[in-house]
Amino acid sequence: MKFTGKKLASATLIGMLSIPAFSAEFITIGTGGVTGTYYPTGGAICRLVNQYKKDTKIRCSVESTGGSVYNVNTIKNQELDFGIVQSDIVYQASKGEGAFQGAAIPKLKAVMAIYPELLTLVTRKDANINSLMDVKGKRINLGNPGSGNEATALALFEESGIKKSDLKFAGALKASEMPDALRDNKIDGYFYMVGHPTANIKDASTSVNVKITPIEGANVDSLIKKYPYFAKANVPGGLYTGNDEPVPTFGVKAVLVTSDDVSVNAVYTVVKAILENFDEFKQLHPAYSEITKESLLEGLSAPLHEGAKKYFQEAGLLQ
């Protein structure tokens, strides 16, 4: 396994403590912004993995990153071992489409599909954005370059006949910057592909009157028909101040991915730590409340890593 600077420093520290440098395997999970759902998900996984570090010799750490596309590219470059990625971005990377046009990554492998995440359009109520088409002439944050937010929002725009130039301002803020920008009236709304509830939108809804704007219609129907990794869903009502009713939209799965370069033992250990502590894992974030062991294998858009396959077979979840 290739050592990044952090891993090399960790190995050096171990050597200083007179422990053989290869007695432990260090793995890092790339996530997203700290106020989203990816970051606490990475932390939850590492927490379970590290409970067994004396026996497994696997040490897990988490990094906040730019999101899905960034995570795939850094896994490809062996700078991260695992990453949490939208299932549509996993599909594109595996097939050489979208953000990875003509540059498929055959080494990219799925570990498990964790939870559903929904494209959410968070707007200021005083901006009067009541449907997707109302974003024209408004200041809308699409997401930072390399994020699943941006990639999915632009796919929706293309299917809906909306151009970035139709917006008064097309923002590229990171997820963690969006609530403050909305509160300070620097933007009228933002797209966020995320599991619910999320601290990001809670923060926004407690500081300014926000509306979760519906994303529905023939354009969404055709997008889902074209890309089968998308599915309709509702943002539940009552999660955010002033938004008491369910709001229709669509979404994907948040998928834990890795590379063929990562050892079977490391991937097996991660899957085993989650599955053998599944009830505890489900309590670590509200977004996991509806997931099942079986759903971890639904919505995958890249082949399973051999380490994941090995444990799922042992657990009787995979033939």
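Q: Which residues have the most contacts inside the largest nonpolar core?
A: This is a predicted model. Nonpolar side chains tend to be buried together in soluble globular proteins. In this chain the largest nonpolar core has 53 residues. Those with the most contacts inside this core are Ile45, Phe82, Met112, Leu256, Ile274 and Phe281.

Q: Which helix gives the most to this core, and with how many residues?
A: The core in question is the one with 53 residues, Ile274 among them. Its main contributor is the helix that spans residues 264–275. That helix gives eight residues, and its name is H10.

Q: How many residues are in the second, separate core?
A: Apart from the core of 53 residues, there is a second, separate one. Among its members are Leu119, Ala127, Val135 and Ile162. The size of this second core is 23 residues.

Q: On the same side of H9 or on opposite sides: where do the buried residues of this helix lie?
A: Helix H9 covers residues 218–226, and its buried residues are Asn219, Val220, Leu223 and Ile224. Around the axis they cover an arc of only 135 degrees, which puts them on the same side of H9.

Q: Which residues on the other side of H9 are exposed?
A: The buried residues of H9 include Val220 and Leu223. The exposed residues are on the other side of the helix. They are Ala218 and Lys225.

Q: Which element gives the largest share of the lining of the largest pocket?
A: The largest pocket holds about 440 Å³ of space. Of its 27 lining residues, Pro116, Leu118, Ala233, Ala287 and Glu290 are the closest to its centre. Strand E4 (108–124), E9 and E10 each give two or more residues to the lining. The largest share is four residues, and it comes from E9.

Q: How many nonpolar residues are in the lining of the largest pocket?
A: The lining is made up of 27 residues. By class, four of them are charged and eight are polar. The nonpolar residues number 15.

Q: Which element gives the largest share of the lining of the second largest pocket?
A: About 350 Å³ of space lies in this pocket. It is lined by 18 residues, and Gln92, Gly98, Ala151, Ala155 and Glu158 lie nearest its centre. Helix H5 (87–95) and H6 are the elements that give two or more residues to the lining. The largest share, six residues, comes from H6.

Q: How many charged residues are in the lining of the second largest pocket?
A: This lining has 18 residues. By class, eight are nonpolar and four are polar. The charged residues number six.

Q: Is Lys57 buried, partly exposed or exposed?
A: Lys57 is not a glycine, yet its phi is positive, at about 65 degrees. Its place is in the loop between helix H3 (53–56) and strand E2 (58–63). With a relative accessible area of 39%, Lys57 is partly exposed.

Q: Is Asn128 buried or exposed?
A: Asn128 also has a positive phi, of about 55 degrees, although it is not a glycine. Asn128 is in the loop between E4 and strand E5 (139–141). Its relative accessible area is 54%, and the cut-off for this class is over 50%. Asn128 is therefore exposed.

Q: Is Thr35 buried or exposed?
A: Thr35 is found in the loop between strand E1 (25–30) and helix H2 (38–50). Leaving aside its neighbours within four places in sequence, Thr35 is in contact with Ala175, Ser176, Tyr192, Thr198, Ala199 and Asn200. Its relative accessibility is 19%, so Thr35 counts as buried.

Definitions and conventions: Residues are numbered from 1 along each chain as its sequence is written. This is a predicted model: local features need pLDDT of at least 70, side-chain atom pairs count only at pLDDT 80 or more; totals for chains, interfaces and linings use all residues. Side-chain values use heavy atoms; hydrogens and water are left out. Buried means under 20% relative accessible area, exposed over 50%, partly exposed in between (1.4 Å probe, protein chains only). The arc is that of the directions from the helix axis to the C-beta atoms. On a 1 Å grid over the protein atoms alone, a cavity is a set of points where a 1.4 Å probe fits but cannot get out, and a pocket is an open set with protein on both sides within 12 Å along at least five of seven lines; lining residues have an atom within 4 Å of a point. Grid points are joined across faces, edges and corners, and a volume is the space filled by probe spheres set on the points. Ala, Val, Leu, Ile, Met, Phe, Trp, Tyr, Cys and Pro count as nonpolar, Asp, Glu, Lys and Arg as charged, and the others, Gly among them, as polar. A nonpolar core is a set of buried Ala, Val, Leu, Ile, Met, Phe, Trp, Tyr and Cys residues joined through side-chain atoms within 4.5 Å. Contact means heavy atoms within 4.5 Å.
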